[in-house]
Amino acid sequence: MKKVLALIAALVVATLAFAGCGGSQSSSSSSSSAAQTSGTKTLKVGATAVPHAEILETAKPLLEKEGIKLDIVEFNDYVQPNLALNDKELDANFFQHDPYLQNFMEEHKEVKLVSAGGIHIEPMGIYSKKVKDLKDLKDGATISIPNDPTNGGRALLLLEKAGLLKLKDGVKEKATLQDIAENPKNFKFQEVEAAQVPRTLDDVDAAIINSNFAMQVQLAPTKDSLFIEDSTSPYVNIVAVRQGDENRPEIQALMKVLHSQEIKDFINNKYKGAVVPAF
């Protein structure tokens, strides 16, 4: 009799245990189903602060109407956003022009990114706290320029266009300091990470600064620069994504919003020529 009771008790415990496991699986399944049917998708985009993150902040409510939550991750350099995107820590990034991206991928063979489309141009300018006119730069003056290949070449092209030096024929945006053919005032050059160039202004005679970094230190490109790129600049800032993701519905929705009249009006009203829409 005792053996029979023990057997019945064991069967009851086993039945309750099985029911408990079944209840747990059902709860987990319901939770997963709810998450999948919530209807809101998240798009994580890396960007430098000005103007990229500001433009994306303006795009946020417009994208929410499409059922997409925009998560903006700010960076203060030009290397990590591409590495993070390639490693799938981001869905897209917005901080660079295509010449920089192409050069970056030449140097980082593992990175496979493409442009989803262009948004705006940030004219590069020449700034100085020492002179009010470029013709007043003294012989042997020091000029700081970005140290990455594409922005460095872009800076040298700008100096050539300003009449301060002459480059070898045909080098264009790939120009390096070794490609300077004529330097009549014997300028010296200090190569610095693009984000740090504004900090050199107190120590050099002139600095070539990307507009986004100029605005971060309260420099108004169209007012404070001594010379600036015009609207014919080929350096359009793009949204970059991993190869194959450019046709993702979420990316397409992002590009539609970034190419909207609302974003064009925001860029024109906010930056007043320091950032120029490219669409």
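1. Strands β4 and β12 pair in the antiparallel sense over seven bridges; strands here are DSSP E runs of at least two residues and helices are H or I runs of at least four, numbered from the N terminus, and two strands pair if DSSP finds at least two bridges between them. Within this pairing, H120 has N237 of β12 as its bridge partner. The model is predicted: local features need pLDDT of at least 70 and side-chain atom pairs count only at pLDDT 80 or more, while totals for chains, interfaces and linings use all residues. Residues are numbered from 1 along each chain as its sequence is written, and side-chain values use heavy atoms, with hydrogens and water left out.

2. The β4-β12 pair belongs to an open sheet of six strands with mixed pairing, in the order β2-β1-β3-β12-β4-β13. Its edge strands, β2 and β13 (276-277), each pair on one side only. β3 and β12 run antiparallel and are joined by four bridges; in β12, V239 is the bridge partner of F94. Two bridges join β4 to β13, also in the antiparallel sense, and V276 of β13 stands opposite I121.

3. Helix α2 lies across β1, β2, β3, β4 (113-121) and β12, and runs at about 170° to β2. Such angles are taken between N-to-C directions and run from 0 to 180 degrees, with axes fitted as lines to C-alpha atoms, for helices over the stretch in contact.

4. A nonpolar core is a set of buried Ala, Val, Leu, Ile, Met, Phe, Trp, Tyr and Cys residues joined through side-chain atoms within 4.5 Å; buried means under 20% relative accessible area, exposed over 50%, and partly exposed in between, with a 1.4 Å probe and protein chains only. Beyond its neighbours within four places in sequence, L63 is in contact (heavy atoms within 4.5 Å) with L43, I68, L70, A253, L254 and V257.

5. β6 (142-146) and β10 (206-209) run parallel and are joined by two bridges; S144 stands opposite A207 in β10.

6. Helices α4 (98-107) and α5 (149-161) pack at an angle of about 135°, with their axes 8 Å apart. That makes α4 oblique to α5; angles under 35 degrees count as roughly parallel, over 145 as roughly antiparallel, 65 to 115 as roughly perpendicular and the rest as oblique. P99, Y100, N103 and E107 of α4 make the contact with P149, T150 and N151 of α5.

7. Two backbone entries deserve a check. K88, in the loop between α3 (80-86) and β3, has phi near 70°, a positive value in a residue other than glycine. Q218, in the loop between α6 (211-216) and α7 (221-224), has a positive phi of about 60° although it is not a glycine. K88 counts as exposed at 65% relative accessibility, and Q218 counts as exposed at 68%.
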